[in-house]
Amino acid sequence: MAGRVEGTAIGIDLGTTYSCVAAWFDKHNRVEIIPNQQGNKITPSCVAWDGMQILVGEAAKNQIIRNPKNTVFGPGEKPIIVFEHESEEKKFSPEEISSIILRNLKEAAEAFLGTTVTDAVITVPAYFSDKQRQATMDAGGLAGLNIMRLINEPTSAAIAYGLDRSADINCPDEKNVLVFDLGGGTFDVSLLNISKAGTITVKAVGGDTHLGGENFDQLMVNHCVEIFKKKENKDVSENTRAKMRLKIACEKAKRDLSSTVQTPIEIDCLYEGIDFTTKFSRAKFEEINAGFFNLCIKQVENCLRDGNMHKSQVDEVVIVGGSTRIPKVQQMLTEFFAGKPLCKSINADEAVSYGAAVLATNLSGYGNKKVQDFLLLDVTPLSLGVKAGIINNMSVVAEHDMCVVIPKNTPIPTIKEYAYQTRFDNQVNGIFDVYQGESKYTKENVFLDRLILDGIPATPKGEQKMILCFNIDANGILNVSAEVISTGNKRSTTITRSGDLSKEMVKRIRK
Ligand code: AMP
């Protein structure tokens with residue numbers, strides 16, 4: 001046991017496949033990863049119900065084959081998750097599932113530190129939308145945590161990396177670092193500038209919240225289903241248990257293929273008593289996943305373009321996330337950066353929570369000088385904009401389509417204002433539909449919320465001025481307000497509540 005630490009704030013990497021928690025240890029003058037109750041430093045982000053109790057982490061993962069329907073992998077987007085046991089059902093929102101994992105990590109930290117823990121910094125994929133961020137905040141609240149800050153995963157990895165490197169006396173005054181983070185369910189790429197004085201400036205972020213190791217596993221499973229069909233003339237694709245067994249075998253085979261060029265897949269009695277055996281080659285693995293790998297490189301190109309940087313200006317390429325162990329991914333990245341060696345020195349599994357713990361310590365005023373001195377300047381990952389309109393004869397008439405108020409990769413926190421004027425004589429209201437995304441067509445972006453500004457004095461067109469204000473806080477969460485200048489009449493909303501858990505629901509679930 002590590003002795004009593006008062007007021008310790010923890011850093012949590014809430015990953016799609018694994019989660020990890022870390023904290024500052026005064027006695028050792030550094031951040032350390034906290035083991036879970038089984039003594040492991042990473043915990044599967046896995047929750048199950050066995051009819052009697054909720055299982056979390058390894059316990060949940062271990063029973064996945066027996067009980068595939070009652071197991072949820074990863075904090076997903078929005079569906080309701082249904083646990084079935086002997087015709088009994090339990091329903092959970094993704095926020096509740098995430099909160100169960102968070103509570104488990106909180107308890108592991110409390111057991112290890114010997115004190116109650118309430119304050120935490122939680123990491124999210126850089127490409128998480130406003131709604132996904134708010135859902136993570138809700139999950140933290142449900143787990144009894146005070147979320148001091150949400151931080152983007154690659155930025156967190158860069159803190160771990162930057163803090164380590166700034167101690168190096170040979171280190172230049174500043175350098176540009178590209179963090180390539182390919183995990184189980186998400187892909188993040190970030191371009192950062194790290195100064196020797198400890199300032200980390202995020203220049204651009206990009207990626208895909210639905211691209212990761214699980215996509216590669218799925219294509220392997222599909223391939224095996226085809227082989228079985230050809231060999232045995234039987235279709236296993238509708239059998240949940242068989243598919244789960246294939247998924248586990250493929251994931252293991254995929255890992256093996258990172259160090260060997262061919263690996264067997266053998267499953268006894270896969271379907272209707274028939275065994276399944278095949279040999280999977282690295283070449284086949286690379287062939288079926290080529291599209292995904294190309295997508296990763298495309299996102300790196302986009303990120304460099306957004307950050308106004310040529311690839312030759314990148315001083316270091318840091319790789320994190322379990323899926324960067326795939327040789328083809330490493331080879332494509334090295335080739336893209338003209339043979340530059342990749343930096344693998346930070347522990348992929350631990351770097352993200354390490355960085356979050358540094359920030360948590362910094363925010364709570366603890367830690368050594370290096371931890372206290374560091375400064376983080378992050379950006380917003382997706383553009384935020386508005387489609388303005390008016391209510392006319394009970395229907396909404398839009399004036400134009402997506403109008404970007406805050407472009408992606410704007411440093412946060414930030415406040416941006418946009419001025420409007422009435423377009424019609426006697427226009428008494430204005431409607432502002434807020435969207436997030438990169439398309440110029442709002443129908444291709446994510447609708448966040450609607451703000452209605454009424455009570456505009458009836459005057460000739462153009463006479464009334466309105467100010468629309470977008471305010472993004474350090475967590476990347478947006479507040480929008482609109483004001484009629486002549487009357488001071490103001491409406492505002494914290495956008496993220498719409499469509500997600502209401503305050504009442506949070507209260508109910510917490511209870
Ligand atoms: P992370 O979310 O960073 O923990 O990454 C987890 C993902 O990395 C999972 O999809 C794993 O299957 C994958 N992974 C872990 N080790 C390897 C490996 N040696 N080769 C290929 N993929 C791996």
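The model is predicted, so I keep to its cut-offs: local features need pLDDT of at least 70, side-chain atom pairs need pLDDT 80 or more, and totals for chains, interfaces and linings use all residues. Numbering starts from 1 along each chain as its sequence is written, and side-chain values use heavy atoms, without hydrogens and water.

Entry: helix α2. I find 16 of its 20 residues buried (under 20% relative accessible area; exposed is over 50%, partly exposed in between, 1.4 Å probe, protein chains only). Glutamate 96 is in α2, and counts as buried because its relative accessibility is 15%. Just after α2, glycine 114 has a positive phi of about 70 degrees.

Entry: rings. I get 12 aromatic pairs (Phe, Tyr or Trp six-membered ring centres within 6.5 Å; planes under 30 degrees apart are stacked, over 60 edge-to-face, the rest tilted). Phenylalanine 216 and phenylalanine 285 are edge-to-face, 6.4 Å centre to centre with 90 degrees between the planes. That pair links α5 and α7, its residues 69 apart. Phenylalanine 216 is buried at 0%, and phenylalanine 285 is buried at 3%. I also note that ring pairs join Phe216, Phe285, Phe292 and Phe293 into a cluster.

Conventions: Helix = DSSP H or I, 4+ residues; strand = E, 2+ residues; numbered from the N terminus.
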